[in-house]
Amino acid sequence: MAATAPPSPLSPTPTPPETASLRNPIFARIRIAYSSDAPHLHKLIYQLAAYHRLTHIFSSTESSLSATLSNSQPFQSITVFLLEVSPTPFPDVPVGYEPPITRTLNLDLPIVDPESQEFGSGGEAVVVGFVLFYPKYGILLGKAGFHVAGIYVRECYRKKGFGKMLLSAVAAQAVKMGYGEVEWVVFRWNVNAIGFYKKMGAEFHEQTTICRLALDALQACGSLS
């Protein structure tokens, strides 16, 4: 009986090109905001106020934001990180005071942004969110740190890692400067944010509460001196 012929060797599995795995790539950039970014920042802060149901005390203006950003030295005073995204890579050129942070994300589905024209920041880039922070001093820790006054990502870009990018950028700057902590405030009703911050490793101090003097109360207290 004739011997059975050996099976044909298996053809090697073709390797897809590297770009084929990027189904819906989006390119992100975090950079320091400057006075020219005040219009976009103003709209973002208003959306943040609306999300927190605080529009009744919203009094920020584009001019006040522009003046603040013009007169603030990054990381030594009020600093804003602005997050932008683009369907194409950002140019590899310096942007302002510090080199920007860039990332490439691969999304399951493309993002439909109904406000893309309103938040366009040049070319195909759009502004997605921000984090505003400034130096503080932890008297118990004996080290300086950052206080985050506000962090916000527009609705259609949430739950895609952009909030983590912003908060991580502040933490990285704190580590770079030898600071000891980054702190912020979260509303107790905002369970989504609380869950997110816990995953980031944040500690929660349940025994403390916020005290605030503003507007007429601030004027009245100041007149007692």
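Which residues of the largest nonpolar core touch the most other members?

## Model and conventions

This is a predicted model, in which local features need pLDDT of at least 70 and side-chain atom pairs count only at pLDDT 80 or more, while totals for chains, interfaces and linings use all residues. Residues are numbered from 1 along each chain as its sequence is written, and side-chain values use heavy atoms, with hydrogens and water left out.

The chain has a mean pLDDT of 90, and 90% of its residues reach 70 or more, where pLDDT is the predictor's confidence in each residue, from 0 to 100. Over residues 1-20 pLDDT stays under 50, and the model has zero contacts beyond four places in sequence for this stretch; a contact here means heavy atoms within 4.5 Å.

## The nonpolar cores

Phe81, Tyr157 and Phe162 are the residues that touch the most other members of the largest nonpolar core, which has 30 residues. The elements that give two or more residues to this core are β1 (24-32), β2 (79-86), β3 (101-107), β4 (126-138), β5 (143-153), α3 (162-176) and α4 (191-199), and α3 gives the most, with seven residues. Apart from this core lies another, of 15 residues, including Ile45, Val80, Leu82 and Phe130.

A nonpolar core is a set of buried Ala, Val, Leu, Ile, Met, Phe, Trp, Tyr and Cys residues joined through side-chain atoms within 4.5 Å; buried means under 20% relative accessible area, exposed over 50%, and partly exposed in between (1.4 Å probe, protein chains only). Helices (H or I, at least four residues) and strands (E, at least two) are DSSP runs, numbered from the N terminus. When neighbours within four places in sequence are left aside, Phe162 is in contact with Ile26, Ala28, Leu83, Val85, Leu105, Ile111, Val128, Val153 and Tyr157.

## Helix α4

The buried residues of α4 are Ala193, Ile194 and Tyr197. Seen down the axis of α4, these buried residues fall within an arc of 100°, so they line one face of the helix; the arc is that of the directions from the helix axis to the C-beta atoms. The buried residues of α4 pack against β5, α3 and β6 (181-184), whereas Val191, Asn192, Lys198 and Lys199 are exposed on the other side of the helix. Just after α4, Gly201 takes a positive phi of about 95°.

## Salt bridges

The structure holds eight salt bridges, a salt bridge being a side-chain nitrogen of Lys or Arg within 4 Å of a carboxyl oxygen of Asp or Glu. Glu84 forms one of them with Arg29, with the closest N and O atoms 2.8 Å apart, and this pair links distant parts of the chain, Glu84 being in strand β2 and Arg29 in strand β1, 55 residues apart. Glu84 is buried, with a relative accessible area of 1%, and Arg29 also counts as buried, at 11% relative accessibility. The side chains of Arg31 and Glu84 meet in a salt bridge as well (3.0 Å, N to O), and both Arg31 and Glu84 are buried.

Arg154 forms a salt bridge with Glu115, the closest N and O atoms being 3.1 Å apart. Arg154 lies in the loop between β5 and α3 and Glu115 in the loop between β3 and β4, so this pair ties together parts that are 39 residues apart in sequence. Arg154 counts as buried at 1% relative accessibility, whereas Glu115 is partly exposed, with a relative accessible area of 25%. Salt bridges that share partners join Arg29, Arg31, Asp37 and Glu84 into one network.

His40 lies in helix α1 (residues 38-51) and counts as buried at 13% relative accessibility. The side chain of His40 reaches the backbone oxygen of Gly120 at 3.1 Å, a polar contact being a pair of N or O atoms within 3.5 Å, where within protein one must be able to donate a hydrogen and the other to accept it, and residues adjacent in sequence count only if both atoms are side-chain atoms. Not counting residues up to four places away in sequence, His40 touches Glu118, Phe119, Gly120, Ser121 and Val127.

Thr79 lies in strand β2 and is buried, with a relative accessible area of 2%. A polar atom of the Thr79 side chain lies 3.2 Å from the backbone oxygen of Ser77. Thr79 and Phe133 are 54 residues apart in sequence, yet 5.5 Å apart in space, C-alpha to C-alpha.
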